[in-house]
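Here's a quick briefing for anyone meeting this structure for the first time. Take a look at the model, then read on.

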Amino acid sequence: MTVADIVKNFGLQTRAGRERLLEEVTGGYASDLLSDVIAHSRKGNIWITIQTHPNIVAVATMKELAGIILAGGREPDADTIQKAEEEEIPILISPLFTFELVGKLYQIGISGMSPC
Amino acid sequence: MTLKEVKETTNAEVISGDHDLEKEIKCAFAAELLSDVLALSQEGALLITGFTHPQVVYAADAANLCAILFVRGRWPNEATQQLAIQKKIPLLSTSYMMFETCGLLYEYGLKTCALKTENGRDGK
Amino acid sequence: MDGTENNILIHKIFHIEGGNFPNAGLISDQVKKILKEAGLPKKVIRRTSIATFEAEMNVICYAQRGNLSLFITPNFLKVVVEDEGHGIPDINLAMSDGYSTADEKIREWGFGAGMGLPNIRRNTDEMVLTSKFREGTHLEFIIYLDRQENMLPFE
């Protein structure tokens with residue numbers, strides 16, 4: 001499944017990184033604590049968060065994530081969009097809250113990580 | 001679903017409040033930033049979080065939440081545990097990640113909680 | 001301005017230390033206890049707890065120090081938070097959902113979602129916020145005790 005498949009499936013809006021939507025998604029990661037994402041996320045994961053500041057792009061780049069979905073209707077800061085365009089990190093928007101968004105992603109086959 | 005069913009679905013351990021496992025959980029909300037927690041407006045809400053400082057219990061108490069489930073095998077410190085016992089908020093911990101935890105509970109049928117909207121009424 | 005002076009039943013002042021993240025939540029917890037002991041309706045207690053928690057967080061996250069005063073009269077309760085710090089340059093912006101000036105440390109402690117001031121507005125009946133850039137911020141909010149919706153049982 002690619003990022004584009006998820007965008008289509010959920011009717012997400014794309015705010016940045018349109019050229020990278022064909023990235024294959026390896027799994028999902030949900031967290032608003034950046035240190036956790038840095039510690040545990042895997043390359044190709046799609047990251048669900050409500051954080052909107054530019055550091056999320058730095059983290060996504062560092063961990064080579066497939067993209068970021070902002071939950072709860074959050075909009076990325078202008079700086080974040082700019083940085084995401086530079087780094088080619090897809091930033092997508094969903095009106096759903098994290099719990100429901102993750103629940104639905106899980107249902108279409110995106111899996112989380114194995115337990116600690 | 002009951003807190004007991006939450007525990008079983010996510011293979012969670014009970015940190016405190018094992019006499020409260022029959023509590024009815026009406027909805028769940030995943031939040032690690034405390035203001036999100038404070039915006040919750042539904043009774044019987046389960047907070048799913050990786051944030052283990054005592055502040056999470058203060059916030060849960062201010063918002064009258066039902067119980068807290070920590071993910072990623074996070075275990076709160078003594079101060080957090082004591083505060084939760086005092087506030088009568090059961091604490092559980094699952095070694096599943098946030099993503100898997102939400103997935104499993106959503107699959108079981110748990111709904112997402114409502115937030116307070118601008119005019120004070122409940123809504124999304 | 002609101003007749004507070006005439007009818008105060010309870011008046012308490014708390015000091016908040018800026019940057020003291022481990023203590024965050026202590027003051028609003030004490031306020032909650034006072035309201036419970038005063039036998040106020042559950043809904044009032046909940047709304048006040050949330051608004052006070054957010055106000056306390058703002059002082060800890062963004063100011064050097066602050067005072068939180070709680071007034072309870074027969075008709076309403078009022079909370080006044082006065083802090084010393086860099087203040088808020090653009091109040092309209094600060095009041096919008098999701099706007100945040102939080103730094104790394106604030107986020108590591110689980111704050112900084114940009115929902116604090118909007119949450120206070122949602123949970124109070126009246127709110128006044130003024131700020132002097134580089135001096136500090138003054139916040140007041142009121143919750144009426146005799147309003148119908150505040151007396152209904154919790155949701």
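**A first look**

Of the 116 residues in chain A, 51% are buried. Keep in mind that this is a predicted model.

**Chain A on its own**

- Chain A has five helices and five strands, and from the N terminus they come in the order α-β-β-α-β-α-β-α-β-α.
- Along its principal axes, the C-alpha atoms of chain A take up a box of roughly 35 × 30 × 25 Å.
- Chain A's radius of gyration is 12 Å, which agrees with the value near 13 Å that a compact globule of 116 residues would have.

**The nonpolar core**

- The largest nonpolar core holds 121 residues, and B:Phe29 and B:Ile48 are the ones that touch the most other members.
- Helix α2 of chain C (residues 42–62) gives this core its largest share, ten residues.
- Beyond its neighbours within four places in sequence, B:Ile48 is in contact with several residues of chain B, including B:Phe29, B:Leu69 and B:Val71, and also with A:Phe99.
- In soluble globular proteins, nonpolar side chains tend to be buried together.

**Where chains B and C meet**

- Chain B brings 24 residues to the contact and chain C brings 21 residues.
- On the chain B side, α2 (34–38) and α3 (55–62) each supply at least two residues, with α3(B) giving the largest share, five residues.
- That side of chain B is made up of eleven nonpolar, seven polar and six charged residues.

Notes:
Residues are numbered from 1 along each chain as its sequence is written. Chains are lettered from A and ligands numbered from 1 in the order in which they are written. This is a predicted model: local features need pLDDT of at least 70, side-chain atom pairs count only at pLDDT 80 or more; totals for chains, interfaces and linings use all residues. Two residues are in contact if their C-beta atoms, placed from the backbone, lie within 7 Å. Helices (H or I, at least four residues) and strands (E, at least two) are DSSP runs, numbered from the N terminus. Ala, Val, Leu, Ile, Met, Phe, Trp, Tyr, Cys and Pro count as nonpolar, Asp, Glu, Lys and Arg as charged, and the others, Gly among them, as polar. A nonpolar core is a set of buried Ala, Val, Leu, Ile, Met, Phe, Trp, Tyr and Cys residues joined through C-beta atoms within 7 Å. A residue is buried if 20 or more other C-beta atoms lie within 10 Å of its own, exposed if 12 or fewer, and partly exposed in between; C-beta atoms are placed from the backbone. The radius of gyration is taken over C-alpha atoms; the globule rule is 2.2 Å times the number of residues to the power 0.38.
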